[in-house]
Amino acid sequence: MAAGIPTHDAIVIGAGFSGMYMLKALRDKLGLRARVYEAGETVGGTWYWNRYPGARCDSDSYIYCFTWDKQLLQEWEWSERYPEQPEILRYLEHVAERHDLKRDIQFNTRVTGAEFDESNNLWCVHTDKGESATARYLIAAVGSLSDTNLPQFKGLEKFQGKWCHTSRLPSGGIDFTAKRVAVVGTGATAVQAIPEIAQQAKELTVFQRTPNYCVPARNGKVAPQLVKARKADYDGVIKRIRESFFGFEYDFIPKPVLETTPEEREREFDRMWDEGGFAFWLANYQDMFFNQEANDLCADYIKRKIRKTVKDPIVAEKLIPKGHPYGTKRQPLDSNYYETFNKDNVLLVDANTDGPIEEITAKGIRAGGKKYEFDIIIFATGFDAMTGPLKALNLKGRDGRRLREVWADGPHTYLGISIAGFPNLFTITGPQSPSVLSNMPVSIEQHVEWIADCIEMMSKTGKTTIEATPKAQEQWGSHVNEIVNGTLMPRANSWYMSANIAGKPRAFLPYLGPEGVGGYRRKCDEVAAEGYAGFTLA
Ligand SMILES: Cc1cc2nc3c(=O)[nH]c(=O)nc-3n(C[C@H](O)[C@H](O)[C@H](O)COP(=O)(O)OP(=O)(O)OC[C@H]3O[C@@H](n4cnc5c(N)ncnc54)[C@H](O)[C@@H]3O)c2cc1C
């Protein structure tokens, strides 16, 4: 490559929902030369990597898709309320095919480093294939939940059976038939996987560190009349989800739960419970996010449901969350999760009452001084969320400053989309944006469109660099923290709070704006309308 002449106008890292739409916008809307690097062997991101039994989305399918291809919204038929991983992957493959995306995506290629070349105002990107490429713009579409977290269990290397993280199952899956299986973890992934594995395995042992509040998914076929009505009103649906709080067609109940009678709130709780999905979490009484007493009323309802469903009262007590308020961790959706613990072949080993995992042995796991033997161990131990995949890029900004160092005490961003000292770098659904606290396609599309508009503005006005000012970044960080500190979220040791990983500095990772994703969208649009307030353009 000749000095100063970039090999591409823009480089995108990742080919999930984010990278695919970013490529479409850069290439087909703006007419730019864009290159996408993707570590996986095809498109799909999350839906390529997560192939565990029971893997499916928890967002309703009619809004867990791209909204920019209006014709496809009419043509595509989802088989269920929450489609399984193979179906979502098929959908994303279809989008790639339909829009001829793959010709600009280099698969099986991991970006291992990138530095900003200040003399030419270009990003220089390096891959594990030993290649380098340059571009004016670098867009990280690396996902919020793509960096696998495998805790350093002592003795793992000695285990003689098979082991695997839920996001790294081989294609074709694992046959659990007649096997003694352990699942480590009880977060949203485990809650999907455990009932499925229990049906196949001879014995299933679940190792639980923190019990979660699970609410019913109520998956199934969607009534044809409802599918038809939604398709007829997609413009309305899109408008509502974009302006909503969480990117769903939900509104909070417009009354504090503390002002309700026991009968009234029981009716509302029953209604949301019967509706299934995230309704109980995201369309509940809003004060449950702020007030412990209000929260206890919602939590008690779920605790009663657990006690009613799980037959053995000792097991039920182990499954009841104790140390954190309801709604402050990612909501797992339950399809026979609690019922699974009534099966004779399923055992729960709870870190608090039975003792934590001490080590992995040649034959299995030792926990609380007791030895358990397994053929297969599945680690449902989640991800180094949000900051993990970005830090793994080994980015160097101005003056050679490394992102790892700049973020040593947690993320610092402006709007979750830009980082001071890292010009022309954009992070789709980056830390301190709504991202994982929303129906993500809504947040992804908003970021992609904002970034595309910004790049278009840059070329129209002949600007070369755009970067967040340190002051705007600091103010944004304070705003993110001030808002969340007014809620109950910091009371949980959740991955939202960076607390799932030993040594990760405690920081709230997403953005829980006072007006949700709708308000955040308006804020980003205002910034642009004010000539990119809070950014320096050169
Ligand atoms: C099991 C599971 C269930 C989920 N369910 C829901 C749901 O119901 N609703 C919802 O809104 N969200 C859900 N999510 C979140 C989900 O991640 C997003 O909805 C969405 O798929 C994110 O798309 P993305 O393109 O931003 O990121 P991803 O899909 O994570 O794609 C990022 C891609 O970047 C690639 N990449 C990362 N680093 C590099 C590198 N250095 N070099 C090259 N390539 C790289 C990865 O290989 C990956 O393919 C779920 C996540 C998981 C893990």
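**Figure 1. An aromatic cluster.** F17, Y21, W47, Y64, F66, W68, W76, W78 and Y91 form one aromatic cluster. The model is predicted: local features need pLDDT of at least 70 and side-chain atom pairs 80 or more, while totals for chains, interfaces and linings use all residues. Residues are numbered from 1 along each chain as its sequence is written, and side-chain values use heavy atoms, without hydrogens or water.

**Figure 2. Two aromatic pairs.** A search of the whole structure finds 43 aromatic pairs (rings of Phe, Tyr and Trp, the last by its six-membered ring, with centres within 6.5 Å; planes under 30 degrees apart are stacked, over 60 edge-to-face, the rest tilted). One of them joins F66 and W68. This pair is tilted, with 5.0 Å centre to centre and 55 degrees between the planes. F66 is buried, at 2% relative accessible area (buried is under 20%, exposed over 50%, partly exposed in between; 1.4 Å probe, protein chains only). W68 also counts as buried, at 19%. F269 and Y285 form an edge-to-face pair. F269 lies in helix α8 (residues 262-275), and Y285 lies in the loop between α9 (279-282) and α10 (292-309), so the pair ties together parts that are 16 residues apart in sequence. Helices (H or I, at least four residues) and strands (E, at least two) are DSSP runs, numbered from the N terminus. Both F269 and Y285 are buried.

**Figure 3. Charges over rings.** Two arginines are shown here, R51 and R230. The charged end of R51 sits over the ring of Y48 (NZ of Lys or CZ of Arg within 6 Å of the ring centre and within 35 degrees of the ring normal). That charged end of R51 is 4.7 Å from the centre of the Y48 ring. R230 places its charged end over the ring of Y62. Here the distance from R230 to the centre of the Y62 ring is 3.6 Å.

**Figure 4. Strand β9 and its partners.** Strand β8 (residues 180-184) pairs with β9 in the parallel sense, over 5 bridges (a pairing needs at least two DSSP bridges). A182 has T205 in β9 as its bridge partner. Strand β12 (residues 346-350) also runs parallel to β9 and is joined to β9 by 5 bridges. In that pairing, F207 stands opposite V349 in β12.

Figure 5. Strand β16 covers residues 376-379. I376 and I378 point one way from β16. I377 and F379 point the other way, and all four named residues are buried. β7 and β16 pair in the parallel sense over 4 bridges. H165 stands opposite F379 in β16. β8 and β16 also pair in the parallel sense over 4 bridges. In β16, F379 is the bridge partner of V184.

Figure 6. T361 is found in the loop between β13 (357-360) and β14 (364-367). T361 is buried, with 16% relative accessible area. Not counting residues up to four places away in sequence, T361 touches K158, F159 and R366 (contact means heavy atoms within 4.5 Å). D147 is in the loop between β6 (132-140) and β7 (162-165). D147 is partly exposed, with a relative accessible area of 25%. Leaving aside its neighbours within four places in sequence, D147 contacts F383, D384, G388 and P389. The C-alpha atoms of D147 and G410 are separated by 16 Å. Along the chain, D147 and G410 are 263 residues apart.

**Figure 7. The nonpolar cores.** The largest nonpolar core has 141 residues (a set of buried Ala, Val, Leu, Ile, Met, Phe, Trp, Tyr and Cys residues joined through side-chain atoms within 4.5 Å). Y91, I139, F280, Y326 and W450 have the most contacts inside this core. Helix α15 (residues 440-460) gives the most to the core, with 11 residues. Take I139 as a close-up. Leaving aside its neighbours within four places in sequence, I139 is in contact with A10, I11, V12, I13, M22, L26, F426, I428, I451 and I455. A second, separate core has 22 residues. Y37, F116, W123 and L393 are among them. In soluble globular proteins, nonpolar side chains tend to be buried together.
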